[in-house]
Amino acid sequence: MNQMHSTDNVIPRTDVLKCTARIGAEIKNLKLSADLPDQTIAAINDLVLEHKVIFFRDQAHLDDAEQQRFTLRFGKLSPYPEGTTPIFEIDSARELATDVWHVDWSCLHAYPKISVLRGVVIPPVGGDTVWANTAAAYLDLPPPLQRLADDLWAAHVDQRPYAEVIGGARIETEHPVVRIHPDTGEHSLVLGSYVVHFLGVSTYDGRRLVDLFESHITAQENTVRWKWNQGDVAIWDNRATMHCATKDYGDQRRVVHRTTVEGDVPVSVDGRYSVARFKFVEPN
């Protein structure tokens, strides 16, 4: 387990404004750049681990290339299943289901550990993003439900239509419902829109268990809501959060650009690793 460092000598605590008691902080007076000193990058990483998601206003100097270079300071960039460039454009003009609770690319065997999102085109009203703390949600479960969650595994599948024609394979991974965070040691719930069923549990019962656990994850006191401005940047721990974009901006356009950092294979409470599965399908 990695030890977090004190950030006070690099990023003053007076520049770290908590958004809620459980999740989220806005960081003031810092211009993001790939050229930041190592100790500043380490401090940012520590703040992500502590607050789960952190926000920076007024970062309009960043473009796609600099966002990629900055993200590389936290690790290797994740490839996307559909083979796009490291910048993943989320454009409301395309049919992308971002207005559902999810963990970024949890259908992957080693899904991303960190995501970096930059506001490019922000509608005049609406379009907020909401994050939830999946580690705090686990602690909210009564002990019998914690033990139940510890034993459960779920199949995460990329169900979007294009997934059926990329390499002729549909991506599927079996993850523990509770993973041990490799940096903090916390127990966090791994659920969201990629989940199709719990292993060894009927569809009927599994759906109700998902609803039960996700009701703890998305409880209002466990969430933070960010109102975007153009040039804002959000950085979050994809291993300890779920998030959802709100689709409340009518026919206005909303564009955000995301980069992600490669993660590690989740480990369950009893020490087992996630299992990758591939279901081959005929191209359309």
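**Labels and their grounds**

Modeller: The model is predicted. Start with Gln-67, which lies in helix H2.

Colleague: Why is Gln-67 called buried?

Modeller: The relative accessible area of Gln-67 is 1%. Buried means under 20%, so Gln-67 counts as buried.

Colleague: What does Gln-67 touch beyond its neighbours within four places in sequence?

Modeller: Gln-67 is in contact with Ile-87, Val-116, Arg-118, His-257, Arg-258 and Thr-259. His-257, Arg-258 and Thr-259 are also among the buried residues of strand S15.

Colleague: What makes S15 a mostly covered strand?

Modeller: The count for S15, residues 255-261, is 7 buried out of 7. On one side these are Val-255, His-257, Thr-259 and Val-261, and on the other Val-256, Arg-258 and Thr-260. Both faces of S15 are therefore covered, each residue having under 20% relative accessible area.

Colleague: How do you know that S15 is paired with strand S4?

Modeller: Two strands pair if there are at least two bridges between them. S4, residues 88-91, is joined to S15 by 4 bridges, so the pair qualifies, and the two run antiparallel. Glu-89 has His-257 in S15 as its bridge partner.

Colleague: And what is the bridge count for strand S5 with S15?

Modeller: S5, residues 114-121, pairs with S15 over 7 bridges, again in the antiparallel sense. Ile-114 has Val-261 in S15 as its bridge partner.

Colleague: There is also an open sheet of 3 strands; what is its order?

Modeller: The order is S12-S6-S14, and the pairing is antiparallel.

Colleague: Why are S12 and S14 called edge strands?

Modeller: S12 (223-226) and S14 (241-245) each have a single partner strand, so one side of each has no neighbour in the sheet. From one strand to the next, the twist averages 20°.

Colleague: Which residues of H4 and H5 meet, and into what classes do they divide?

Modeller: Leu-145, Leu-148 and Ala-149 in H4 meet Leu-209, Leu-212 and Phe-213 in H5. The division is 6 nonpolar, no polar and no charged. Ala, Leu and Phe count as nonpolar, so the contact has 6 residues of that class.

Colleague: Why is His-197 called partly exposed?

Modeller: His-197, in strand S11 (residues 195-198), has 33% relative accessibility. Buried is under 20% and exposed is over 50%, so His-197 falls in between.

Colleague: What does His-197 touch, residues up to four places away in sequence not counted?

Modeller: His-197 touches Trp-153, Ala-154 and Ala-155. His-156 is 41 residues from His-197 in sequence, with 7.8 Å between their C-alpha atoms.

Colleague: What makes the phi values of Lys-52 and Asp-58 worth a remark?

Modeller: Most residues other than glycine have a negative phi. Phi of Lys-52 is near 75°, and that of Asp-58 is near 60°. Both values are positive, in residues other than glycine.

Colleague: Where are Lys-52 and Asp-58 located?

Modeller: Lys-52 is in the loop between helix H1 (38-51) and strand S3 (53-56). Asp-58 is in the loop between S3 and helix H2 (64-72).

Colleague: Are Lys-52 and Asp-58 buried or exposed?

Modeller: Lys-52 has a relative accessible area of 4%, under the 20% cut-off, so Lys-52 is buried. Asp-58 has 68%, over the 50% cut-off, so Asp-58 is exposed.

Notes: Residues numbered from 1 in each chain as written. Predicted model: local features only at pLDDT ≥ 70, side-chain atom pairs only at ≥ 80, totals over all residues. Heavy atoms only, no water. Axes fitted to C-alpha atoms, helices over the stretch in contact; angles between N-to-C directions. Contact = heavy atoms within 4.5 Å. Buried < 20%, exposed > 50% of the residue type's maximum accessible area, 1.4 Å probe, protein only.
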